[in-house]
Amino acid sequence: MNKVKVLSIALLAIVATSRAQDLNQAKKAIDAEQFESAKTILKSIINAKPANGTAAFYLGNVYMLQNNIDSAKIYYQKGLAGTEGAKLNNIGFGLIDLDNGNTAAAEEKFALATKDLKKKDIEEYLFIGRAYTYSLKPDYKKAIEVLNKAKLINPQDAQLNLALGNAYFGDKNQNEAYSAYRNAYTIDNTLIRAKMQLGVLLKGAKAYTEAIKAFDEVIAINPNYGPVYRELAETYYLWGRNEPSKYRVYVDKALVNYEKYLSLTDYSLNSRMRHADFLVLAGEYKALETEANKMIELDKVNPRILRYLGISAYQNGNYDVAIKSLEGFIANPANKIIAMDYQTLGFAKIKKAVGEDGKAIDNALFDNAILDVKKASEMDANGLSLNISDVGKKLYELKLFKQAAAIYEIAVANKESKNYVLDNFYLGNSLYFDNTRKDIVKPDPIALQRADMAYGAVIEASPKTQDAYLYRARTNSLLENDEMTIKYYNDYVNVVTEKGPEELAKPATVKKIIESYNTSAASYANTDKAKAIEYFNKTLALDPANQYALDSLKSLK
C-alpha cells in the first residue's frame, strides 16, 4: 500500500473520530441545557458533512426543546436525505405528529424508523420512547412498552435506563422510576442527570431536605452542571410555598440558584424565558420586568416576551402597558395562549376601569374585562381561583358591590375551589348591599334571589355560619317573603344559641338577635298578632327600653 493511500486512510479515520467527538460534545451540551452551544457544534458537523442525518436529527431535537417547530422540521427533512442516521428523523416528525394529536401518523413514522433494524440496535426504540414521554400529549405507558423492548436487547444501557426512569416518573410510578435512575447511574457514573433525577423524585414527594441533600451531592461531583441548580431553585420555591413563615428566605435561595443555572447554560433567549417563567411562578415581578427588557434587547419580535411584559407591567401598576402587551400576545394565532394571559389582561382592565379609589367606573371596559376573566376561568378554573377571589375582595372593600358580584359569580362557578364557601358568602353580600344603596329606587328581585341562593350554598356547606342565616333573612325581607324571613331569622337565633352563653353575651350578637325578633314580629303583624306580640316581648326581655318594640306593641293592642 503506497504512502498516499495510507495517509488518506489515516486522515479519514481522524476526521471520523473528530466528528464522533463533536457529536458527543453536542450531546453533553444538550444534557447540560446549553442549547446554543449544542446548535453551534451540530451546525459545524452538518456544514462539514451535509449528509450527516444523525447530526440533523439532534439539531432538530434542540429546536423542538426550544419550541421552534419550523426550524426543527427543516433539519428533520434535511436529515431524511442523509446517508447516515437518516431514519432517526422519522422519529422527529413522529414527535410533531404526537404533539398535534395524530397518533396514527406518528406510529407510521416510528415504524419507518424501526424497519430493518439490526438485532442489537436500540437507539431508535430509545428515541421513540422519549417521544412518547416528552410529547405535549404524552403516553407514558406506550413509552414504557417501547423502552422495555430495547431493554430486552440491552438491559445495561445507561441512557435506556434513564429514559425508562423518566417514563415511569411521568406515569407516577415512583418505585420503578427510582430503580431505573439508580440502575442508569450504576451502569455509568458519568451520567449525572440520572443521579440528579433521584433528587427530583424526592422533590416530588415533598421531601425537600432530602432533595436538597441529593442535589448537593450532584454539585459535589460536578459543580458546573447547570440543570441541578434549576432543580435546587424549584425545590426551594416549593419548600417556601409549604412553609409560609420561611417563604422569603427560601425564595431568595431559589432566585440565587436560578441565576447560577443561567450562568452555566448560555443566557440565551430560551434560557431567559425559562427564567422568566420561574419569576412568574415565584411572584418576582420587578425582576421579571428587568428580565423582559433584557429579552427585548436580544429579540424585539419574539411574541412570548409580550406575555412577560404584560404580567410584570400589571403587577407593577402599569396597566396601559399590560393591556397593550397582552392584547398583542393573545391576538397572534401562532401563540399558545394560557389562562393566565386572559386573567391578567382582564385584571389589568379592571384596575384601569375602576381606578385607585373606585369613584369613577368605566363600565364598558369593566364589562369587557369580565369576559376575559371568565375566559381564563373556563380554561383553568382550579389554578386561578384564588386570584379571582382576591380581586373580588378588593372591589368589595371599595364598596363596588355590583362589580364585586360580577367577579364572585365567576369564582363560585368552580365548586372545587378552596374559597367556594367564602366566595358565595361575599357574592350574597355583594348582591344584597348593591340593592340597599341609598340611591336605589327599587331592589332587583332577580339579583336578590341570586343572593338567597348564594347564602343557601354557604349554609349547605357550613351550617354553623351564623351570618349566612342573618343575611339570608335580610335578603328575604327585601323580597317581602315574610315566611322565609321569619324562618332564617329563627335559624340565626338557633345557631347562635347552640354556640352557648359566650356567643350570646356578645353585644353584636344581642343586637342581631333583637333585629331577628323585631323583624319577625313585624312580618307576623298583619297575619298573626299573637305571634307578633310574642316576638316583641322577646325583644323587650333583652332590651326593655327598645323603642321600636314598645311602640309596635302599643299599636298592636
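Analyst: A nonpolar core here is a set of buried Ala, Val, Leu, Ile, Met, Phe, Trp, Tyr and Cys residues joined through side-chain atoms within 4.5 Å. Please keep in mind that this is a predicted model.

User: Which residues touch the most other members in the largest nonpolar core?

Analyst: Those are Ile350 and Leu395, in a core that holds 69 residues. If residues up to four places away in sequence are not counted, leucine 395 touches Ile350, Val354, Phe366, Leu400, Gln403, Ala404 and Ile407. There is also a second, separate core of 57 residues, and among its members are Leu98, Ala150, Tyr168 and Ala177.

User: And how much of the chain is buried overall?

Analyst: Buried residues account for 48% of the 557 residues in the protein chain, while the accessible surface comes to about 28300 Å², with 53% of that belonging to carbon and sulfur atoms.

User: Switching to the fold, how many helices and strands are there?

Analyst: The protein chain has 30 helices and 0 strands. Its radius of gyration is 33 Å, well over the 24 Å that the globule rule gives for 557 residues, so the chain is more spread out than a compact globule. Along the principal axes, the C-alpha atoms fill a box of roughly 135 × 45 × 45 Å.

User: What about aromatics, how many pairs does a search of the whole structure find?

Analyst: The search finds 30 aromatic pairs. In one of them, the ring centres of tyrosine 396 and tyrosine 426 are 4.8 Å apart and the planes stand at 75°, which is over the 60 degrees needed, so this pair counts as edge-to-face. The two partners come from distant parts of the chain, 30 residues apart, with tyrosine 396 in helix α21 (residues 381-397) and tyrosine 426 in helix α23 (residues 420-434).

User: Are tyrosine 396 and tyrosine 426 buried or exposed?

Analyst: Tyrosine 396 has a relative accessible area of 15%, so it is buried under the 20% cut-off, and tyrosine 426, with a relative accessible area of 16%, is buried as well. Both also belong to one aromatic cluster, whose other members include Phe401, Tyr408, Phe425 and Tyr471.

User: Where does the charged end of arginine 474 sit?

Analyst: The charged end of arginine 474 sits over the ring of tyrosine 471, 4.7 Å from the ring centre, and tyrosine 471 is itself part of that aromatic cluster. Elsewhere, arginine 230 lies over the face of tyrosine 261, at 5.5 Å from the ring centre.

Key. Residues numbered from 1 in each chain as written. Predicted model: local features only at pLDDT ≥ 70, side-chain atom pairs only at ≥ 80, totals over all residues. Heavy atoms only, no water. Phe/Tyr/Trp six-rings, centres within 6.5 Å; stacked < 30°, edge-to-face > 60°. Helix = DSSP H or I, 4+ residues; strand = E, 2+ residues; numbered from the N terminus. Buried < 20%, exposed > 50% of the residue type's maximum accessible area, 1.4 Å probe, protein only. Lys NZ or Arg CZ within 6 Å of the ring centre and 35° of its normal. Rg over C-alpha atoms; globule rule 2.2 N^0.38 Å. Areas by Shrake-Rupley, 256 points an atom, 1.4 Å probe, with all protein chains shown as cover. Contact = heavy atoms within 4.5 Å.
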